[in-house]
Amino acid sequence: MAGFDLAETAAADAAVALGEDRIDADRLAGLGDRKANVQAVVIVRQQCVVAGCAWFDACVQQAAAQLDLPAARINWLVREGDQADSGSRIVAVNAAAGVLLAAERSALNFLGLLAAVATKARMISQRAAPVPVYDTRKTLPGLRAAQKHAVQVGGMKANRADLAEAALIKENHIKVAGSIGAAYELAQTRCPADKIQIEVESETQLAEALQLGAKRIMLDNFSPQQVKKAVEQVAGKAELEASGSIDANNIAAYAATGIDRISTSAATKEAGCIDLSMQII
């Protein structure tokens, strides 16, 4: 994904999360000896694909810095992308008690969300194999890079990150421009041909896109049967992508049509959050 630096993004996201928690104004800041070194472990309560380690680390270390306490020692017991079984320990942390109490919620929020996205992405990508599956821009505001990272950890691929990376001519672009042809003509003045994709919603629009010479076409909300027919109609003259209302339950049917690629927002929109907890031991 263009312009994405893992460490920098995780640090920026962690700063926002810790700011939301106002760790400098904790009502229980005077509880016990917050400088005392303690050990904690994070335990997962359901099977998952681990993702978000950099965000967890950033939350813990930034909390230490903001509270003027020593940096934590973090020991990951699994690797990013590993599958963790329910009840297993995935990371151990040695830090001042105040650091763990302040960072706990923000760190677990990132870890739970991104592990859920990666877990969903793993399921989806495996069911579609060998057809590649891409994500979409339907992500949580402010967390696009984080969720797109987790999608890739799970085995899916990252589609365009923003409106500058590539051009996808959608229904409303066509309405504003007046026609598919007008929208495509404008796109060619602003974007290389291999970065332009036209979304079509019918066989008629598909034929029009082919007549224009489009090399990348997205079939929006086509049934598997319609996709198979479109694949036969296009006969390799353009790269075809199926998208719209595709999830883990029906993706295998789409993958069996001969489609070149599939995109879905299911991994980022439907993932939920993995249940896990941090326990001081």
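Start at the second largest pocket, which holds about 430 Å³ of space. A pocket here is an open set of points on a 1 Å grid over the protein atoms alone, where a 1.4 Å probe fits, with protein on both sides within 12 Å along at least five of seven lines. Grid points are joined across faces, edges and corners, and the volume is the space filled by probe spheres set on the points.

The model is predicted: local features need pLDDT of at least 70, side-chain atom pairs count only at pLDDT 80 or more, and totals for chains, interfaces and linings use all residues. Residues are numbered from 1 along each chain as its sequence is written, and side-chain values use heavy atoms, without hydrogens and water.

Select Ala167, Leu168, His173, Ala187 and Arg190, the closest to the centre of the second largest pocket among its 18 lining residues (a lining residue has an atom within 4 Å of a point). Next colour E7, helix H5 (171-177) and helix H6 (180-190), which each give two or more residues to this lining. Helices (H or I, at least four residues) and strands (E, at least two) are DSSP runs, numbered from the N terminus. H6 supplies the largest share, 4 residues.

Now move to the largest pocket, with about 700 Å³ of space. Select Thr136, Leu168, Met218, Ser243 and Ser263, the closest to its centre of 33 lining residues. Strands E7 (167-169), E8 (196-200), E9 (216-220), E10 (239-243) and E11 (261-263) and helix H10 (266-269) each give two or more residues. E9 gives the most, 3 residues.

Finally, colour both linings by class. Ala, Val, Leu, Ile, Met, Phe, Trp, Tyr, Cys and Pro count as nonpolar, Asp, Glu, Lys and Arg as charged, and the others, Gly among them, as polar. The lining of the largest pocket has 8 nonpolar, 10 polar and 15 charged residues; that of the second largest pocket has 12 nonpolar, 1 polar and 5 charged.
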